[in-house]
Amino acid sequence: MKTKTVISILVFTTLFLLPSCKSEKPRDIVAENFEFAAQQLEYAVMLTEETVNNDTRDSLKKVASPLVSPRTMADDGSLIMVPARDWTSGFFAGELWYMYEYTKDPKWEELAIRFTSPLESQKLNKGTHDLGFMIFDSFGHGLRLSDLSDYKEINMAAARSLASRYKPNARIIRSWDHNGQKWDCPVIIDNMMNLELLFWASKESGDTSFYNIAVNHANTTMKNHFREDYGTWHVVDYDTITGEVRKKTTHQGFADESSWTRGEAWALYGYTMTYRETKNEDYLTQARNIANFIFTHPNLPDDLIPYWDFDAPEIPNEPRDVSAATITASALYELSLYGGEMAVQYKEWADTILKNLTSHYRATLESDAGFLLLHSTGAKSLNSEIDVPLVYADYYFLEALLRKSKIENNQSLF
C-alpha cells in the first residue's frame with residue numbers, strides 16, 4: 001500500500017509539476033534591460049529639463065556653455081550635467097541612438113537628434129583628444145542610423161580637429177594640454193578609443209593620412225604603454241622633438257606601476273577595434289593578451305566586475321568600477337568574432353558580466369538620477385566620482401547588450 005502511494009506521488013509530480021517548469025522561458029537579458037532603459041531614460045530626459053531650468057550658474061556661463069548632457073549623480077541624488085566641451089558630453093546622445101537602433105521607435109530618434117545637436121560646436125575643438133567620444137559616439141551613430149546629410153561633414157571636421165593634435169616626431173596624438181608643469185606631451189591609454197573616428201574618416205574621404213595617424217598612434221602606444229604582463233601605464237609622456245619617452249606615470253590609477261582597470265578596458269576595446277579596421281594580426285594578439293591579463297588577474301572578483309585599480313591597496317574593501325566592466329564586455333563580444341581558441345570564452349565572460357550587472361548593479365527605476373547602473377568610479381586617486389553612476393558606463397552597457405543581441409541573432413555588429 002505504501003509503495004503504491006509513493007508511485008502515485010511520483011506520477012503526479014511528473015504529470016503536473018515538470019511541465020510547468022518546462023513552460024518557464026529563459027531570462028532575456030537584452031529585452032529586459034532595454035525595457036528598463038526605456039523607462040529610465042525617459043525619466044533622465046525629464047531630469048535634464050529640470051536641471052537646466054534650475055541651473056544656478058551666472059547668466060554669462062549659462063549662455064557661453066549651456067548644460068547639454070548628464071554625466072553623474074551628486075551626493076544628494078541630484079543630476080550633474082555638463083556643457084558640450086566636457087569629454088563625456090556625447091555619451092547620453094549615444095545611448096538614445098542605441099535605444100532607437102534597438103526599438104526602431106521614432107521617439108528615440110527625435111530625442112537622440114535633440115541631444116546630439118548641441119554638441120556640434122565641438123567639431124572644431126582642437127584642444128582635446130576626446131572628439132571620438134564627443135562627436136563619433138553621437139553624430140557618428142546619427143549618420144549610421146539616420147543618414148542625416150549634415151552629420152557627415154560634422155564627423156569629418158571633428159576628425160580633422162583630432163588629427164591636428166598629431167605629433168609626427170613622436171608618432172602619437174597628444175592627449176591633454178593641462179598640467180604643463182608635469183608633462184611635456186602626455187598620451188593616455190584612453191586615447192586608443194578615439195582612433196575609430198580617424199579610421200572612419202579615412203574610409204569616407206579616401207585621405208590615407210587619417211589612417212596613417214591612427215596606425216602610428218596604435219603602434220607607438222603598443223610599444224610604450226604596456227608592461228611584459230600586458231598591464232598598462234595610464235600616462236606616457238613624450239619629447240615631441242626626439243620622440244623619446246620621458247616618463248611613465250598615472251593620473252587616475254592608484255600608482256604609477258599599478259594597473260588602472262578602466263585603462264585596461266580602454267586598451268582591450270581599442271586594440272580589438274584597431275584590428276577590425278586594419279586586419280593587422282599584431283593588434284588582435286595584443287587584444288587577446290590584454291584580455292588574458294584581465295581575466296587571469298588574482299584581484300579580479302568572482303563576479304567579473306573589477307575594483308577601480310587591480311592593485312588598489314585595500315581590496316576587497318575598494319570601490320568597484322562598473323564602467324570598466326561594461327567597456328570590457330562590449331569589447332569581448334567583438335573579440336569573440338575573430339576566432340581563436342578563446343572565442344567562446346570571451347563571449348561567456350561578456351555574458352556573465354551583463355548578467356551580474358543586471359542582477360546586482362542596476363539602478364532603481366525612476367531614481368538614481370536616471371542612470372542605468374550604479375557603482376562606477378571615475379578617479380579615486382583624485383577623490384572624484386567614487387562609487388557613483390557614470391554616463392559612459394551606461395553607454396557601453398547598452399552597446400554590449402546590442403552586440404550580444406546581434407551576435408545571437410546572426411546579425412552584423414557594424
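# Exercises on a predicted model

Leaving aside residues up to four places away in sequence, Ser78 makes contact with Thr72, Met73 and Ala369. The structure is a predicted model, and each exercise below is followed by its solution.

**Exercise 1.** Describe the place of Ser78 and decide whether Ser78 is buried, partly exposed or exposed.

Solution. 
- Step 1: Find the element. Ser78 sits in the loop that links strand S1 (67-73) to strand S2 (79-83).
- Step 2: Apply the cut-offs. Buried means under 20% relative accessible area and exposed means over 50%. The value for Ser78 is 32%, so Ser78 is partly exposed.
- Step 3: Look for a polar partner. The side chain of Ser78 forms a polar contact of 2.6 Å with the side chain of Asp76.
- Step 4: Gly231 is 153 residues from Ser78 along the chain, and their C-alpha atoms are 36 Å apart.

**Exercise 2.** Is the peptide bond from Ile315 to Pro316 cis or trans?

Solution. 
- Step 1: Most peptide bonds are trans.
- Step 2: Read omega. For the bond from Ile315 to Pro316, omega is near 15 degrees, and the bond is cis.
- Step 3: Pro316 is in the loop between helix H12 (281-296) and helix H13 (322-335).

**Exercise 3.** Work out the strand order of the open sheet of 3 strands, and name the strands that stand at its edges.

Solution. 
- Step 1: Pair S5 with S6. Strand S5 (residues 186-188) and S6 are antiparallel and share 3 bridges. Pro186 has Asp237 in S6 as its bridge partner.
- Step 2: Pair S6 with S7. Strand S7 (residues 245-249) is joined to S6 by 4 bridges, again antiparallel. Here Tyr238 is opposite Val245. These two strands make a hairpin with 6 residues between them, and Gly243 in the turn has a positive phi of about 80 degrees.
- Step 3: The order is S5-S6-S7. S5 and S7 each have a single partner strand, so they are the edges, and one side of each lacks a neighbour in the sheet. On average, neighbouring strands are turned by 20 degrees against each other, direction ignored.
- Step 4: Check the faces of S6. Val235 and Asp237 on one side are buried, as are Val236 and Tyr238 on the other. Helix H10 (residues 208-224) lies across S5, S6 and S7, at about 110 degrees to S6.

**Exercise 4.** Which residues have the most contacts inside the largest nonpolar core?

Solution. 
- Step 1: Identify the core. It has 118 residues, and Leu198 and Tyr396 have the most contacts inside it. H15 supplies the largest share, 11 residues.
- Step 2: List neighbours. Among the residues touching Tyr396 are Phe91, Phe133, Trp266 and Tyr269.
- Step 3: Look for another core. A second, separate core of 7 residues includes Ile172, Cys185, Trp233 and Val236.

Notes: Residues numbered from 1 in each chain as written. Predicted model: local features only at pLDDT ≥ 70, side-chain atom pairs only at ≥ 80, totals over all residues. Heavy atoms only, no water. Buried < 20%, exposed > 50% of the residue type's maximum accessible area, 1.4 Å probe, protein only. Contact = heavy atoms within 4.5 Å. Polar contact = N/O pair within 3.5 Å; in protein donor to acceptor, adjacent residues only side chain to side chain. Pairing = 2+ DSSP bridges. Core = buried A, V, L, I, M, F, W, Y, C linked by side-chain atoms within 4.5 Å. Axes fitted to C-alpha atoms, helices over the stretch in contact; angles between N-to-C directions.
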